[in-house]
Structures are given as structure tokens and as C-alpha cells.
Amino acid sequence: MAAVLALSAVGLSLTFGVMRVVNVAHGEFFMLGAVLAWVVVQAVPSAPLGFVAALILCPLVVGAVAALADTAILKRLNYDPEATIVATIGISYILQQGALSFFGPDARAVEAPFSLRLQFPWFGYSGYKLFVVIAAGLVLLAVWLFMTRSRAGLVMRATQVDRNTARAFGINVDRVYAGTFALGAALAAVAAVLIVPIQQAHYLMGHDPLLLSFIVVIIGGLGSIRGTLIAALLIGLSDGIISMFFTPTLAKIVATLAVALVLVFRPQGLFGARA
Amino acid sequence: MLVIEGLTAGYGGAPVLHGVGLGAAPGKVTCVMGRNGAGKTTLMRAIMGQLRASSGTIHLDGEALHGLPAHEVPRHGVALVPQGRRLFGPLTVAENIEIGLMTRRKGRAVREHVLDLFPRLRERLNQQSRTLSGGEQQMLALARALCLEPKVLLLDEPTEGLQPSMIRLIRDTVLKLKATGVAVVLVEQRVEAVLEVADSVAFMAQGRVTEVLPAHGLTPQSPQFATWVGV
């Protein structure tokens, strides 16, 4: 849970950090990834092959949809912070109702690519869940290397600091924004493909990831990848433990209370820079 | 040669520049002077394409710059050292220089040349640029702009808040650039600094260029400075 949440939250954090866009449609990009994973696995029924195809194709398709939404809608609003909130609410409804129309209201299960139970001396653990943790960790490492070591990551970080000065050095900010929005959505899609063998794909499944991703990025500090990872670990673990021993509702109450405390005592988040 | 004719531009629907005309020749330093709010920085931003001109033209060696997207203007050989430096603060010195080299193919040679001009930056390549001193930050802002190998360099108040030794370094750099044929447009408030390097001085007031005079005919006591700059 924490690993997948970290992936989704880093996507949201990147979008806000670089573009200053609060992407309310982030949860629906997650949902779209899960729904498309079901479609791909149906089209390629061979167990590991279908899942691998979904893991590659779904982020690409969702990223392309996000880039299209950026170019067609957000760019025309000149990335105005308030207007883009309203616009992404609209995008979220379009995606949600599109999924309902083409995919139907039923929850659909996707089989895990392999079935393996790891037996430890005191307890057993799902091999697939361990795979999810490792895969999410590898994707996050790749994102970190991309942001800190690649030329494209450098361009994104420069644009994040000052988009006008970036333009004065030949950086096409519109293209950077489209790429960032696509990358953020693609990360949500990767998270969704990984989680869909554990939770079923459903057109309303985007609400929880959106809420939890917002909780994570607010606690971690908007735009801070390090803070997002640590907050994802804290919220993911607490959500899992409280849900298991008490109720999922209590887990959400605790997470929301944590956000309230952070907003009161440290509004910039645990690792965010003060505005 | 940079030629600006009848340029009108501003913020939103409110024009700040009204029919501005100005030229900057290769190997010459054109200084732009005026009181606060005269439109000097707006002119720099309009040349860089950051503000859309509602009328008028900007040409560089016959090529139209007006109407180009802002990220295309530096590719045509125009570089800006903005007021307040506008470094990418969380990025290191090396990364700021790397951003300057984005449009260059032979980046390594240009990088070495720029670091030879400002050896102090070479010692601080891995330091975050926001932790540099004011003078070092201005060196980096200049170095980053020179990475573009500009035909025209726009300097917006580069000596603001700097100590005398750093002001001398910037003056020497401007003179070196002038000698290599770069057209320099310098926005400056200090009369002495202007007269040391300028070939011509354009005075601005209320968004218009009111007078353009050769610098050799001006002294610190010339009435134009009192009239248009208030010094």
C-alpha cells in the first residue's frame, strides 16, 4: 500500500512542483490505468505476458491522454492555479464517466502475474505483494535518477524554479509542462497496474488514491519528492495497520487529522520549502 | 544589428512601452537610462519575447524576432542577464551553466571558455547557486548568458548592489564582449558606469525613448542625466 501510494503521490507532487497545478484528476488517471490494465490482460490472456504488456502500455496510454488534456485544456488556461483546479475537476468527470460508459459499472478482477506465497518461520506473505514493493521502489529510484541525473530532469527542475527565465535559455516550457503532466499521470497508472491484482478495477476507484495522494503530498511538502516518499511510507503503513486492526474509516480519520495538524503547525509540510 | 521600431508592449491590456525605437550595433554598447518605471525592464522583456508586442517590430540581422515564442528568441542569438539575476537558486553552479548551454551543440568548449572568464565559478561548480555571494551570483548570471554565445547581450542593472571590485569585473567583461563584436544593451542607473563603457545612451521616460545621444558628448554634469534619470 505504502509503495503504491508513494508512486501515485510522487506523480501528484511532480505535477504541482513543476507546474503549480493541483491536479484533481490524478485519481482518475489512476483509475484509467487500472481499467486499461484489465482491458490489456483480457486482450493478452497469457498470465505474465498480459500483465507485463499492461505495465508497459497503460502508463504510455494514460500519459498520452494526460498530455492531450494538458495541451487542449490547461495550456489554454495559461496554467492559472485556480482555473486549472476547476479544469481538472472537469477532466476527472470526463474520465470517470468515459470509463463508466465504455467499461461498465462492474468491478473487474485482474489476476496476479504469478502465484507465490513466501513462508517465513512465523508468518506467510504474498510473493506478489513483495514484488509490488520492489517494483514500486525501482520505479521511484528511476524517477529520482531521471530528475537528478538526466538533462530532461534538469530542465524540469529549472522550469519549476522560474519558468520565464527558463524560456530565456531556450527551454520550451509548454513542452516541459505537457511532459510533466504526462509523467505524473503515468506514475499513477503504474501504481494502478501494480495494485489492480490486489484491488479490483472499477470506475469509482480513483477517489481513495486521490485523497491519500493529497494527504501524502501535503504532509511531505508539495513539490518535495523526499518528503512525499517519507509521508507515503507513514500514511501507507498507518492506513494498512489501522484498517486491519480497527476500521478503514478510522484510518482515513487519522490520516485527515494528520493533515490538519501539519497545516496548522507546519503549513509547508514536513520537507517543503516555506513560500 | 538589433533594430527596434515603433514597439508597443505591456502587461495585460495596459501598454507600458509606446512606440519605442532603438538600435544596437555589433561591437557597441548602448546604454538605456531612465527613472524607475520608465519602461527599461519592460523593454528588455519585450525584446526577449516574454511580453507580446501589440505593434512594432524587432529585427536582428534582418530576422524578425517579434512574434516568436519566448523560447525561440535566445536561439537567434539574444541573451538576457535579468535584473535581480534570477538564477535557478536550488540548482548548482554547474547546473545553471548547463541550462545556459541547452541550445548549444559544442557545449563543452563554450563551458570551458566561460569558466576561464570567471575562474571563481570553477571552484564552486557543485555549490547551490543561492548560497553564492552577490558578486558570485552576478558572475554566474553573466556566465550563464554567455553560454548562449549571444550576438546581442541584454544586461538589466548588472551592478545593482555590488561592491566596487565586482563592478570593475563586470565593466571589464562588457568591454571584452564589445571587443569581440557583441552588441551590448546595458540598463544602468549609475552615470559613471555608463560613461566608462557606453558608445551611445538612450534616455527613456514614460515608456518612450526620449533622446539617443553619443556617449562621448556626455559628462556626469550633462543636463540629460538630471532631466531623464534624476541624478
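**Helix α6 of chain A and its surroundings**

A:Leu14, A:Gly17 and A:Val18 in α1(A) meet A:Met156, A:Thr159 and A:Gln160 in α6(A). By class, this contact of α1(A) with α6(A) counts 3 nonpolar residues, 3 polar residues and no charged ones. The model is predicted. Over all chains it holds 15 salt bridges. One of them joins A:Arg157 to B:Glu95, and this pair crosses between chains.

**Helix α6 of chain A against α1**

- Two packed helices are described by the angle between their axes and the distance between the axes.
- Helix α1 of chain A covers residues 2-19, and helix α6 of chain A covers residues 151-161.
- Their axes come within 7 Å and cross at roughly 55°.
- α1(A) and α6(A) are therefore oblique to each other, as the angle falls between the limits of 35 degrees for roughly parallel and 65 for roughly perpendicular.

**Helix α6 of chain A against α5**

- The axes of α5(A) and α6(A) come within 5 Å, with a crossing angle of roughly 75°.
- This pair of helices, α5(A) and α6(A), is therefore roughly perpendicular.
- From α5(A), the residues in contact are A:Phe146, A:Met147, A:Thr148 and A:Arg149.
- From α6(A), they are A:Arg151, A:Ala152, A:Gly153, A:Leu154, A:Met156 and A:Arg157.
- By class, the α5(A) contact with α6(A) has 5 nonpolar, 2 polar and 3 charged residues.

**The buried side of α6 in chain A**

- The buried residues of α6(A) are A:Gly153, A:Leu154, A:Val155, A:Met156, A:Arg157, A:Ala158 and A:Thr159.
- Within chain A, they pack against α1, α5 (127-149), α7 (163-167) and α8 (173-195).
- They also pack against α2 (93-100) of chain B.

**The salt bridge between chains**

- Which residue of chain B forms a salt bridge with A:Arg157? The partner is B:Glu95, with the closest N and O atoms 2.9 Å apart.
- A:Arg157 sits in helix α6 of chain A, and B:Glu95 sits in helix α2 of chain B.
- Are A:Arg157 and B:Glu95 buried or exposed? Both A:Arg157 and B:Glu95 are buried.

**Salt bridges within a chain**

- In chain A, A:Asp239 forms a salt bridge with A:Lys252, and the closest N and O atoms are 3.3 Å apart.
- A:Asp239 lies in helix α10 (residues 225-245) and A:Lys252 in helix α11 (residues 248-265), both of chain A, so the pair ties together parts that are 13 residues apart in sequence.
- A:Asp239 and A:Lys252 are both buried.
- In chain B, the side chains of B:Glu196 and B:Arg171 meet in a salt bridge at 3.5 Å, N to O.
- B:Glu196 is in helix α7 (residues 191-197) of chain B, and B:Arg171 is in helix α6 (residues 164-179) of chain B.
- This pair links distant parts of the chain, 25 residues apart.
- B:Glu196 counts as partly exposed because its relative accessibility is 47%.
- B:Arg171 also counts as partly exposed, at 25% relative accessibility.
- A network of salt bridges links B:Arg111, B:Glu112, B:Asp116 and B:Arg122.

**A:Ser8 in helix α1**

- A:Ser8 is found in helix α1 of chain A.
- A:Ser8 has 2% relative accessibility, so it counts as buried.
- The side chains of A:Ser8 and A:Ser213 are joined by a polar contact of 2.9 Å.
- Leaving aside neighbours within four places in sequence, A:Ser8 is in contact with A:His26, A:Phe30, A:Ala188, A:Ala191, A:Pro209 and A:Ser213.

**A:Asp174 in helix α8**

- A:Asp174 lies in helix α8 of chain A.
- A:Asp174 is partly exposed, with a relative accessible area of 29%.
- How far apart in space are A:Asp174 and A:Val161? They are 15 Å apart, C-alpha to C-alpha, and 13 residues apart in sequence.
- Not counting residues up to four places away in sequence, A:Asp174 touches A:Asp70, A:Lys75, A:Tyr79 and A:Arg167.

**B:His76 in a loop**

- B:His76 lies in the loop between β5 (63-64) and β6 (78-81) of chain B.
- Why does B:His76 count as buried? Its relative accessibility is 19%, and the cut-off for buried is under 20%.
- B:His76 touches B:Leu60, B:Glu63, B:Leu65, B:Leu68 and B:Lys151, not counting residues up to four places away in sequence.

Terms used
Residues numbered from 1 in each chain as written. Chains lettered and ligands numbered in written order. Predicted model: local features only at pLDDT ≥ 70, side-chain atom pairs only at ≥ 80, totals over all residues. Heavy atoms only, no water. Axes fitted to C-alpha atoms, helices over the stretch in contact; angles between N-to-C directions. Helix = DSSP H or I, 4+ residues; strand = E, 2+ residues; numbered from the N terminus. Parallel < 35°, antiparallel > 145°, perpendicular 65-115°, else oblique. Contact = heavy atoms within 4.5 Å. Nonpolar A, V, L, I, M, F, W, Y, C, P; charged D, E, K, R; others polar. Buried < 20%, exposed > 50% of the residue type's maximum accessible area, 1.4 Å probe, protein only. Polar contact = N/O pair within 3.5 Å; in protein donor to acceptor, adjacent residues only side chain to side chain. Salt bridge = Lys/Arg side-chain N within 4 Å of Asp/Glu carboxyl O.
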